[in-house]
Amino acid sequence: MSAMAAEMHIALRQYEAALKELNGALSISDQTTMKWIDAESMRLRGEAKLLSSSGQGLQTACSELEAARELAHQRGSKMFELRSSISLAKSTDDPVKRTT
């Protein structure tokens, strides 16, 4: 649920709300065995950081996206690995394209 709420916040350009939602989801995941969506939550957190930073936090966002891709790969989640790879590829595009 948190990932879906975060995607909504990102679509509405409410990046801080998305980050809050995702940080909470990852915190709960750390305390439980519900880790199946961690890679997607990390990808979305990277997306939110990328879009909110206006280029200032590009390296942090890219690190988050790379970590999401690696985690998805380790867990054998091809879908989340591909989604993270696409987000990482987009992160190197022109910043103007990222906001459209």
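Within helix 2, the residues Tyr15, Ala18, Leu19, Leu22, Ala25, Leu26 and Ser29 are buried (under 20% relative accessible area with a 1.4 Å probe, protein chains only; exposed is over 50%, and partly exposed lies in between). Viewed down the axis of helix 2, these buried residues fall within an arc of 130°, so they line one face of the helix; the arc is that of the directions from the helix axis to the C-beta atoms. On the other side of helix 2, Glu16, Lys20, Ile28 and Gln31 are exposed. Helix 1 and helix 3 are among what covers the buried residues of helix 2. Helices are DSSP runs (H or I, at least four residues) numbered from the N terminus.

The model is predicted, with local features requiring pLDDT of at least 70 and side-chain atom pairs counted only at pLDDT 80 or more, whereas totals for chains, interfaces and linings use all residues. Residues are numbered from 1 along each chain as its sequence is written, and side-chain values use heavy atoms, with hydrogens and water left out.

Helix 2 has 17 residues and reaches 25 Å from its first C-alpha to its last, close to the 24 Å expected at 1.5 Å a residue (1.5 Å times one less than the number of residues).

Ser41 is placed in helix 3 and is buried, with a relative accessible area of 3%. Leaving aside neighbours within four places in sequence, Ser41 is in contact with Leu22 and Leu26 (heavy atoms within 4.5 Å).

Note on methods: Helices (H or I, at least four residues) and strands (E, at least two) are DSSP runs, numbered from the N terminus.
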